[in-house]
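Please read them with the model in view.

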Amino acid sequence: MGIELNEQQIAFVKGAKEWFRKGNKQRLELSGGAGTGKSTTISAAIEEIGLKPDEVLFTAPTGKAAQVLTRKGCFTQTIHSTIYDYRLDTMKDDLGKPILKNGRSVKKPTFELKEELPKQTKLIVIDEAPMAGAKLGTDLESFGIPVLATGDLQQLPPVLDADYFLKDPDYVLTKIMRQNEGDPIIYLSQLATRGEPIPFGKYGPKCYVIPRDMVTDKMLRDSDINICGRNITRDSLNLHIRENILGINKPILTKGEKIICRKNNWTECIDDDIFLVNGIMGYVDNVYMNEYNGKKFNIDFRPDFTDSIFENISVDYKHLFSRSGQQTNSAFSSYNKFELANCITVHLSQGSQYPNVTFYSERIGTRDFYNRLMYTGITRAESGLILIKEDER
């Protein structure tokens, strides 16, 4: 492969080959922090086992996580598109007649487990495995194909149903790969993991730790994403960036604004693989003002990892411009729920990485939770990071 593996990685590669040869356990799990080379180790194991590219299915729980792995050289699909057939069924009443709403038949999304996967498939790899819950996990394993699950347990635990994979991983990588030893983001993430102080200062050409009074509007504008710990901070930063930096004061979305979906809508799909689900982030491509009625308006929405567009979808107006904790009145809205995404919380950023990140760290919860929050926020950055702290502790 041209990359020197360390002893932990070599142990996994040997163990994976033996696991695959014996076939007495369907799943093998590998965990490891940032910079430990999980992807490199998985690739080395597949090569050692002797599998061809078309004999391995690479999967991830979300479209964004799949795109991150694809960028690393492994074509990856979501678990949903890998194991389910998707269709829209017309809902019918007790008499068997189609149910209509606003003159249109009401559709219900159905995910039906496929009868089989491609016949040549000999191994399924699932990245970001802790983000997948029990239903996805058991359905994935129902095909009887060996599963290699990997993920980073040092990150924040996902909020919902994610206790199926990596509860007790078979192998854990802790040693930083030689190629990553000088990476300032990896260095800071290790300090965060150990709960050690992170002093203010410059840690590399594009990596800084600064106090709050040094934050500038330019930093917030130039970052690919701004993240924080608390929803109240997210609200304030979204409003500040929108009005004072971007100069948008209209009580309606404008083309190019960054937003994030906060409600699953499995009836909306693009590319046969990307659904309009909670956490998918992107940009407003068009606004249909003629659809605005005080409660909703329609937009074209482009996720930030594809050029394809969700066309003419509704947006719940009240939810969009309500502050966190004041959105309960729209809980039963039939419209799509979006929120401004010039800033998002660390929880919402999981499964994604960005070239340049500005991270407002905030002390929340227990010491262990805070350490995980810091680690997760820091490791969302690929190359550039501005870490904003209250103090140097």
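1. Please keep in mind throughout that the model is a predicted one.

2. Tyrosine 187 and tyrosine 203 form a tilted aromatic pair, with 6.2 Å from centre to centre and 35° between the planes. Because tyrosine 187 belongs to helix α6 (residues 184-194) and tyrosine 203 to strand β11 (residues 201-204), this pair ties together parts that stand 16 residues apart in sequence.

3. How many aromatic pairs does a search of the whole structure find? The search finds 15. In one of them, the ring centres of tyrosine 86 and phenylalanine 275 are 4.7 Å apart and the planes meet at 75°, so this pair is edge-to-face. It links distant parts of the chain, since tyrosine 86 sits in strand β4 (residues 84-90) and phenylalanine 275 in strand β16 (residues 274-276), 189 residues apart.

4. Are the two members of this pair buried or partly exposed? Phenylalanine 275 counts as buried, with a relative accessibility of 7%, because the cut-off for buried is under 20%. Tyrosine 86, by contrast, has a relative accessible area of 27% and is partly exposed.

5. Finally, tyrosine 86 and phenylalanine 275 belong to a cluster linked by ring pairs, which also includes Tyr84, Phe111 and Trp266.

How values were computed. Residues numbered from 1 in each chain as written. Predicted model: local features only at pLDDT ≥ 70, side-chain atom pairs only at ≥ 80, totals over all residues. Heavy atoms only, no water. Phe/Tyr/Trp six-rings, centres within 6.5 Å; stacked < 30°, edge-to-face > 60°. Helix = DSSP H or I, 4+ residues; strand = E, 2+ residues; numbered from the N terminus. Buried < 20%, exposed > 50% of the residue type's maximum accessible area, 1.4 Å probe, protein only.
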